[in-house]
There are 2 protein chains.
Amino acid sequence: MTARTSSENAREIPEATVARLPVYLRALVTLADDGIPTCSSEELATAAGVNSAKLRKDLSYLGSYGTRGVGYDVDYLRYQIAREIGVTKDWPVVIVGIGNLGHALANYSGFRSRGFQVVALLDADPAQHGEIVAGVEVQPFDRLEEIVAAADVAIGVIATPAAAAQSVADRMVGCGITSILNFAPSVLAVPDGVDVRKVDLSLELQILAYHEQRKSQTGALLADGGAA
Amino acid sequence: MTARTSSENAREIPEATVARLPVYLRALVTLADDGIPTCSSEELATAAGVNSAKLRKDLSYLGSYGTRGVGYDVDYLRYQIAREIGVTKDWPVVIVGIGNLGHALANYSGFRSRGFQVVALLDADPAQHGEIVAGVEVQPFDRLEEIVAAADVAIGVIATPAAAAQSVADRMVGCGITSILNFAPSVLAVPDGVDVRKVDLSLELQILAYHEQRKSQTGALLADGGAA
DNA sequence: TTCATTTTGTTCTCGCGTTCACAAACTCCT
DNA sequence: AGGAGTTTGTGAACGCGAGAACAAAATGAA
């Protein structure tokens, strides 16, 4: 992340807090949908699956949007968090690599409903071109620069095989994209000022497997011990 | 996590380290594929995208598998990490919810190549039943208990809409699954001893959007100053 | 008005994770 | 054999985040 001087902006929100804001936002949307007008930090924390002290501390970085003795106005807080994250208006997004995962991402309604609009689907394979996925036509990867410039795209999603990911990232960076969400299982090298977040599906399973293995090992040890 | 006495098992690997082991494993596999027999901590760290001091400390939790003055034997270290994670043999996995994302997950080759075998695809919607995805037939969700018992499944993947996720999780826990990978955007409540990891696609984009928004804000300020 | 009650916002402490820095140990060359 | 050069493994310092605890502020009742 770009480490700027803290004096430049009074509100330096910790990264851990930033990562939880979308969770709070989602919980608030759910509460609003249920017609609940206000909530306490305890209620919101439960809905978001966190500690209430942590929630209050996180929200305090944004400002004082609650009322002591009362709680938070759901709609008001929701707007404030959405504004802080920057999803009060839609962000244009391009997805590169329209394989199985790319299809799923293009069809994922959560993007659209949470402030992101897929403006283009790109793939290097000519066999994919012309297909309409979720109302958007798959186009040649070479049109990347043109599309990014036209729609002023800042966020790119990489859903290609690992081998292609770095060259796709280079092209993205080259045409002005400064945020990349990478689903390919590879480490991307990008210049300073470009943010990369990585989602690795099998990595998560491997972490689960580690704990699972320990569970069964400990169980076996305890079984022997108990037999004595 | 079950907090056991540290005397019970000498190797208490920190969670942050566990999360990086799969990254190192992947880097080692790549090196091995390239025919590289040994590597230094510096080289491996670069390949994995981390600091070399952190890498060495992480590996030190597993044991002393390197040689001072030389480095690490790629194949040997790879096996040791794989053994530690528990992916030397395949883990059976069930996927529930065969929509767009479920299809992509079922077809994702990375699972198979990294120690996981999808033994069943389940969906509550009868319209999906009978379809063959990646060589596996989609079956009714009601067969969950039967399948889990038959294949001794410990890991379940939830790719349903948010509304169904909690009830799916309850059923999974009920039939003995103790590790859940949740792709639905909802907070799951599970008993102690059950591990849940959550992957939230739009959450990652929202985090990027936050930083992106700050860049453009700061960028506007800096635009006067200097565009280095 | 004044007091009791509720709930936020913030201070403080503790523990974990990251990073630096260096001693230990191994290889290779002379 | 001995010394120079590498590279690992680890002790120590540091900084960040989590959680407890409390003061400040708002409401409502007497």
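R20(A) is a residue of helix α1 of chain A, which spans residues 15-33. It is a handy place to start in this predicted model.

**Around R20(A)**

- Setting aside neighbours within four places in sequence, R20(A) touches V50(A), K54(A) and D58(A).
- R20(A) and L55(A) are 35 residues apart along the chain, yet their C-alpha atoms are separated by 8.8 Å.

**Helices α2 and α3 in chain A**

- Two packed helices are described by the angle between their axes and the distance between the axes.
- In chain A, helix α2 (residues 41-48) packs against helix α3 (residues 52-62) at an angle of about 105 degrees, and the axes are 8 Å apart.
- Because angles of 65 to 115 degrees count as roughly perpendicular, α2(A) is roughly perpendicular to α3(A).
- On the α2(A) side the contact uses S41(A), E42(A), L44(A) and A45(A), while α3(A) brings S52(A), L55(A) and R56(A).
- Sorted by class, the contact of α2(A) with α3(A) holds 3 nonpolar, 2 polar and 2 charged residues.

**Helices α2 and α3 in chain B**

- In chain B, the axes of helix α2 (residues 41-48) and helix α3 (residues 52-62) come within 8 Å and cross at roughly 105 degrees.
- α2(B) and α3(B) are therefore roughly perpendicular to each other.
- S41(B), E42(B), L44(B) and A45(B) of α2(B) meet S52(B), L55(B) and R56(B) of α3(B).
- The contact of α2(B) with α3(B) is made up of 3 nonpolar, 2 polar and 2 charged residues.

- The size of an interface is often given as the accessible area lost when the parts come together.
- Chain B gives 66 residues to the contact and chain A gives 65 residues.
- Across this interface there are 24 residue pairs in polar contact, both residues being at pLDDT 80 or more.
- Helix α9 of chain B (residues 201-225) supplies 17 residues, the largest share of the side of chain B that touches chain A.
- By class, the side of chain B that touches chain A divides into 36 nonpolar, 14 polar and 16 charged residues.

**Salt bridges**

- Side chains of opposite charge can pair when their charged atoms come close.
- Over all chains the count comes to 22 salt bridges, and the count between chain B and chain A is 8.
- One salt bridge joins the side chains of E204(B) and R197(A), at 2.5 Å from N to O.
- Within chain A, the side chains of R112(A) and D90(A) form a salt bridge at 3.4 Å, N to O.
- That pair links distant parts of the chain, 22 residues apart: R112(A) sits in helix α6 (residues 109-113), and D90(A) in the loop between α4 (74-85) and β4 (91-96) of chain A.

Conventions
Residues numbered from 1 in each chain as written. Chains lettered and ligands numbered in written order. Predicted model: local features only at pLDDT ≥ 70, side-chain atom pairs only at ≥ 80, totals over all residues. Heavy atoms only, no water. Axes fitted to C-alpha atoms, helices over the stretch in contact; angles between N-to-C directions. Helix = DSSP H or I, 4+ residues; strand = E, 2+ residues; numbered from the N terminus. Parallel < 35°, antiparallel > 145°, perpendicular 65-115°, else oblique. Contact = heavy atoms within 4.5 Å. Nonpolar A, V, L, I, M, F, W, Y, C, P; charged D, E, K, R; others polar. Salt bridge = Lys/Arg side-chain N within 4 Å of Asp/Glu carboxyl O. Polar contact = N/O pair within 3.5 Å; in protein donor to acceptor, adjacent residues only side chain to side chain.
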